[in-house]
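Please open the structure in your viewer and keep the selection tool at hand. The tour makes two stops.

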Amino acid sequence: MAVRLQRPLVAAACLFLCCLAGVRCGPDPRLRKELIDLEASMQIGGRMVLTDAEQRLDALLAKLKQDEMSRKDFPPSMHFFKARRLIQASPLFGLLQEMPKGAVLHVHDFAMVDVEWLVKNATYRPNCYMCFTDSASVRFVFASQGPKPVERCSPWVLLESLRAKMGNATKLDNSIRGNLTLFTDRDPETEYPSQDVVWNRFEAAFGALWGLVTFAPVFRDYYMEALNQFYADNVMYLELRALLPQVYELDGCTHDQAWTLQTYQDLTKEFISTHPDFYGARIIFTNHRHAKLSVVTEAVKKAMQLQKDFPDFLAGFDLVGREDQGKTLWYFRDALALPAEKGATLPYFFHAGETNFEGTEVDQNLLDALLLNTSRIGHGFALQRHPVAKDLSRKRRVAVEVCPISNQVLKLVKDLRNHPATALMMEDHPLVISSDDPAMFGSSPLSSDFYEAFVGFGGVKSHVGSLKQLAINSIRFSALTPKQQEEALVLWQRKWTKFVAKNQVLKTN
Ligand SMILES: *[C@@H]1O[C@H](CO)[C@@H](O)[C@H](O)[C@H]1NC(C)=O
Ligand SMILES: *[C@@H]1O[C@H](CO)[C@@H](O)[C@H](O)[C@H]1NC(C)=O
Ligand SMILES: *[C@@H]1O[C@H](CO)[C@@H](O)[C@H](O)[C@H]1NC(C)=O
Ligand SMILES: *[C@@H]1O[C@H](CO)[C@@H](O)[C@H](O)[C@H]1NC(C)=O
Ligand SMILES: [Zn+2]
């Protein structure tokens, strides 16, 4: 880089001297071009050498992006709930859906499957009971006999009987759907006026779906459905943050965490056997950051054990939940230092910097995550305000998992052109694009976030090389071993070549 930077600097110095000497001179167009090209080369994928076919695809992408940029309603500047319809109808989005995007490295276990599936499939199964809570939410449970009453929730009703009594269940199903996701057709700014409101509803939605997705038969089908949906969105590998809850059977018996992890592993293998071009999945075991120190200490010990028992399936450990209200990484430092003390390996994948409060205790999470040798940073929204953390992340190749739609819906940023990752992309900071909780946001498994990053962050400048680099990054920054990464990249390259060959011509509309 130093060498490349010198030429424009020398040119700039000449310009200065030349003016001093009193020679008539305007800004030098060659120098201008050199500076523009230099900047363009610094962005993500900016130095990628493109094949002829990729350049033809790039022409198509540029044309389609121009169509997006010239809209009166520019989708990345709007709340995603309002922009969704526009995005879905755009030909560029269609192309991004088709594009092999590599891996999703930041997604949560129970926010992966389109909520429609939960409503129409999970709640329509036999033995499904529901109650209404004091706080206008709902709870579910599957039971062979009438389940035990729950505090501050109306008596359980069998959904099958409730629906039969109503005759037309459309309204009921709509209200169930409304409880299981944040997505709404109403005005999102009115519905969610503050971070507190939106986070409360976000957590309430997880509370509502809990009894559905932790029922063993639904748990299995939910995961298979998730793999189907991510695969259909051209994702080939997942790293899933999972709470590994106690999963229950119809008779109320529960399974332990090892069973849950084993089930994920078996189902992943089953999916690969029918989809050989899918590379697989790994689990990042998570615990809530509101928990007590003793609980997190036990969770870390459990994670070390599971890491030993599932060395090529359990990727590591993380803490989840609203950072601004949870405890800090520093608070949990003794628990998190246990693996290093015991000479065990437990890679960390910490959420950090998902805040726009500067200088709070929580805001220190970014530096503390790096101190604790995190392998990646979840969100890192605050990274631009932490030059030391940013530098460490860049030098140590600790990638930032950027989730554009999540940050917007959870009210860290309104207009995605103002997202701090815009700058990270322009300087090729190690990063990946991910979707966090697509089912909660009503977004695609990955394509909607790719759209926001490519059009909103990238603006006019990002191109086919940027997209290619993002896909490659998602494999390079995964927890896969170097050998597995090579394998996955070969698989990805095959898909990519096909995709590029197929999308060459400007479609006339
Ligand atoms: C739910 O989905 C599973 C498989 O995904 C299917 O076997 C089952 O029949 C579906 N059930 C309902 C009620 O739609
Ligand atoms: C059920 O009610 C909804 C409106 O709540 C209506 O749109 C729909 O047509 C009704 N379905 C039937 C089968 O009557
Ligand atoms: C959640 O369900 C309750 C009970 O049916 C309903 O009153 C409420 O409107 C629902 N909430 C949303 C956001 O749809
Ligand atoms: C982080 O890595 C450094 C250097 O390898 C090591 O000394 C330290 O113990 C590690 N800390 C933790 C918490 O793993
Ligand atoms: Zn997350």
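The tour begins at a ligand and then moves to a strand and its neighbours.

This is a predicted model, in which local features need pLDDT of at least 70, side-chain atom pairs count only at pLDDT 80 or more, and totals for chains, interfaces and linings use all residues. Residues are numbered from 1 along each chain as its sequence is written, chains are lettered from A and ligands numbered from 1 in the order in which they are written, and side-chain values use heavy atoms, with hydrogens and water left out.

**Ligand 3**

Select ligand 3 together with Phe132, Ala136, Val138, Ser175, Gly178, Asn179 and Arg201, the residues around it (a heavy atom within 4 Å). Of the ligand 3 area exposed when taken alone, 360 Å², the protein buries 65% (Shrake-Rupley method, 1.4 Å probe). Helix 8 (residues 170-180) contributes the most to this shell, with three residues; helices are DSSP runs of H or I with at least four residues, and strands are runs of E with at least two, numbered from the N terminus. Next, display the side chain of Asn179, where a polar atom lies 2.2 Å from a ligand 3 oxygen. In the side chain of Ser175, an N or O atom is 3.1 Å from an oxygen of ligand 3.

**Strand 6**

Now select strand 6 (residues 280-288), where eight of nine residues are buried (under 20% relative accessible area, 1.4 Å probe, protein chains only). Strand 5 (residues 237-242) pairs with strand 6 in the parallel sense over six bridges; pairing requires at least two DSSP bridges. Arg241 has Ile284 of strand 6 as its bridge partner.

Definitions and conventions. A polar contact is a pair of N or O atoms within 3.5 Å; within protein, one must be able to donate a hydrogen and the other to accept it, and residues adjacent in sequence count only if both atoms are side-chain atoms. Buried means under 20% relative accessible area, exposed over 50%, partly exposed in between (1.4 Å probe, protein chains only).
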